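Visitor: Could you take one part of this model and walk me through it slowly, neighbours and all?

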Amino acid sequence: MDFKLNEQEKMIQSMARDFAQRSVKPVAMEIDRKCEFPFELAKEMGSMGYFGLPYPPDYGGVGAGYTGCVLVIEQLSCVSMVSGAIIGVNSLAEESIFRYGTEEQKQRFLVPLARGDSLSSFAFTESATGSDPRAIETRAKPDGSDYMITGQKQFVALSPASQVAVVFAKDEKDDTGRVSAFIVETSSPGYNIRYSCETLGVRGLSPSVIYLDGVRVSDKNLLGEPATGHKVMLEAIGVGKLAVAAEAVGVG
């Protein structure tokens, strides 16, 4: 395997290193001290195109591929793992929509995410489960052409800054109670951030406890086929592990 970077990748790496020193390093200690989401830094990262690195221009992306993405995350994580992790966490919903979304969903949700006009969360984990879909208690109950989602999620990173969340819930349309994935706008009535979870590290990602109190979601926001949410989750997290690895290399 050839690990040599091409000229475009070297340029992306160099620009990310400069950005990290210029914009991330001066606020890194403050982010950790305050344990608050860095809204202004995230906005600047969006203007650099860092949330759309792997995606094609048709979907608001840069078209730099996953290599370009991990090069940026590594350089940012050298001075603040939070900054690299923001890209990684945001990519979980992006990947879900990119791989399983309809064209309408991609244009409506992925394009603004890739452009940095909005941010997203990934709401799978609950108090009784890590990645086990059988333990999920959040329910999606059919209501006409909509679903009503009720339940509680934990450790939902980027919550204070997210306009969109990919939420996983047991689909009551499915007799086996398997999980479906839904694109939920966080401004929806009943979507409530209850409180932030304290963490020992990566302070500033603002992982939060989310209550979904009868959140109405159109069936047009169902992501992929019904009852295939676990597949969506596994594939998104599989790609997300690239970001986690790049963060670790940068910190190291």
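Guide: A quick word on terms: an axis is a line fitted to C-alpha atoms, for helices over the stretch in contact, and angles run from 0 to 180 degrees between N-to-C directions. Helices (H or I, at least four residues) and strands (E, at least two) are DSSP runs, numbered from the N terminus. This is a predicted model, where local features need pLDDT of at least 70, side-chain atom pairs need 80 or more, and totals for chains, interfaces and linings use all residues. Residues are numbered from 1 along each chain as its sequence is written, and side-chain values use heavy atoms, with hydrogens and water left out.

Let's look at helix α6, residues 229-251. Start with its meeting with helix α3 (residues 65-77): the two axes come within 7 Å and cross at roughly 35°. That crossing is right-handed (the near helix is turned clockwise from the far one by less than a right angle). On the α3 side, the contact (heavy atoms within 4.5 Å) uses Tyr 66, Val 70, Ile 73, Glu 74 and Ser 77. Facing them from α6 are Val 239, Leu 242, Ala 243, Ala 246, Glu 247, Val 249, Gly 250 and Val 251. Sorted by class, that contact holds nine nonpolar, two polar and two charged residues (Ala, Val, Leu, Ile, Met, Phe, Trp, Tyr, Cys and Pro are nonpolar; Asp, Glu, Lys and Arg charged; the others, Gly among them, polar).

Now for α4, residues 81-100: its axis and that of α6 come within 8 Å and cross at roughly 160°, so the two helices are roughly antiparallel (over 145 degrees). This crossing is right-handed too. From α4 come Met 81, Gly 84, Ala 85, Gly 88, Leu 92, Glu 95, Ser 96, Arg 99 and Tyr 100. The α6 residues they meet include Lys 231, Glu 235, Ala 236, Gly 240 and Val 251. By class, ten nonpolar, four polar and five charged residues make up the contact of α4 with α6.

Finally, α6 gives seven residues to the lining of the largest pocket, the largest share. α4 and β3 (146-156) also give two or more each. The pocket's volume is about 620 Å³, and 25 residues line it, with Val 89, Leu 92, Phe 122, Phe 155 and Ala 157 nearest its centre. The lining residues split into 15 nonpolar, eight polar and two charged. (A pocket here is an open set of points on a 1 Å grid over the protein atoms alone where a 1.4 Å probe fits, with protein on both sides within 12 Å along at least five of seven lines; lining residues have an atom within 4 Å of a point. Its volume is the space filled by probe spheres set on the points, which are joined across faces, edges and corners.)

Technical notes
Parallel < 35°, antiparallel > 145°, perpendicular 65-115°, else oblique.
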